[in-house]
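Please keep the structure open beside them as you go.

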Amino acid sequence: MTKTKRILGLDPGLATLGFGAIEGLPHDPETLQVLDFGVIKTTAGTPLGDRLATIYDDLTTVIQQVQPDVVILEKFFFYRMSNTILVAQARGVIVLVLAQQTMPFLEFTPAQVKQAIAGYGNADKRAVQEAVARELNLTCVPQPDDAADALALALTGWFQPPSG
C-alpha cells in the first residue's frame, strides 16, 4: 500500500514567510489536497532579534501541526542588497528550525518552481498562481501571494520523482 506524502512549502522572508502544506499519494493527482496555507508575519520597526524569534516560534508550531514528511524551501538567490541580508537571516532561522525538528528539506530555485508548475522557467507570477489553483482544485488563487508561492514550492516537491 502506497503511503500519502505530506509536503510543506516555505517561501522565506523576514516580513512575510509563506507556508503551504499539501498531501497526496505520489503520482496520483486525484488524491492531492491542501492541508493548510498562510503566512507568518513580522512587523517592520520591531527589533530584528524579536522578528527572528517570531519566525522561529511560529514556524516550529506550523511544523508540529502539519507534521510534513519533507519541507520544500525556495533556494536563496540575490535580491536588492539590503533585502538580501534580511532574507538570509530569516532563512538561517528556518534552516535551524528544520534541523532541530530533524526535518528533511529540498531546495528549488524560482525558475525550477516555474518550470514544474507552469511548464516554463520564465513564467510570470500570475501564471504560476493560476497553475497552483488548477492543480489543487481551488476555486481561486490562494492569498496572500507568499502563501500561493509556498504552495507552488510544495507542489514542485510533490512532482519530483522519489530519490534513491
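Predicted model: local features only at pLDDT ≥ 70, side-chain atom pairs only at ≥ 80, totals over all residues.

1. The side chain of Glu-107 meets that of Arg-91 in a salt bridge, with 2.0 Å from N to O. This pair links distant parts of the chain, as Arg-91 sits in helix H2 and Glu-107 in strand S5 (residues 105–108), 16 residues apart. Arg-91, at 12% relative accessibility, counts as buried.

2. The structure holds 5 salt bridges, and another of them joins the side chains of Asp-69 and Lys-3 at 3.3 Å, N to O. Here too distant parts of the chain are linked, with Asp-69 in the loop between helix H1 (48–66) and strand S4 (70–74), and Lys-3 in the segment before strand S1 (5–11), 66 residues apart. Asp-69 is partly exposed at 33%, whereas Lys-3 is exposed, with a relative accessible area of 57%.

3. Glu-130 forms a salt bridge with Arg-126, their closest N and O atoms being 3.0 Å apart. Because the two residues are 4 residues apart in helix H4, about one helical turn separates Glu-130 from Arg-126.

4. The largest pocket has a volume of about 370 Å³, and of the 21 residues that line it, the closest to its centre are Asp-11, Glu-74, Pro-110, Lys-125 and Asp-149. The lining of this pocket divides into 10 nonpolar, 3 polar and 8 charged residues, and its largest share, 5 residues, comes from H5.

Definitions and conventions: Residues numbered from 1 in each chain as written. Heavy atoms only, no water. 1 Å grid on protein atoms, 1.4 Å probe; cavity = no way out; pocket = protein on both sides within 12 Å on 5 of 7 lines; lining within 4 Å. Points joined across faces, edges and corners; volume = space filled by probe spheres on them. Nonpolar A, V, L, I, M, F, W, Y, C, P; charged D, E, K, R; others polar. Salt bridge = Lys/Arg side-chain N within 4 Å of Asp/Glu carboxyl O. Buried < 20%, exposed > 50% of the residue type's maximum accessible area, 1.4 Å probe, protein only.
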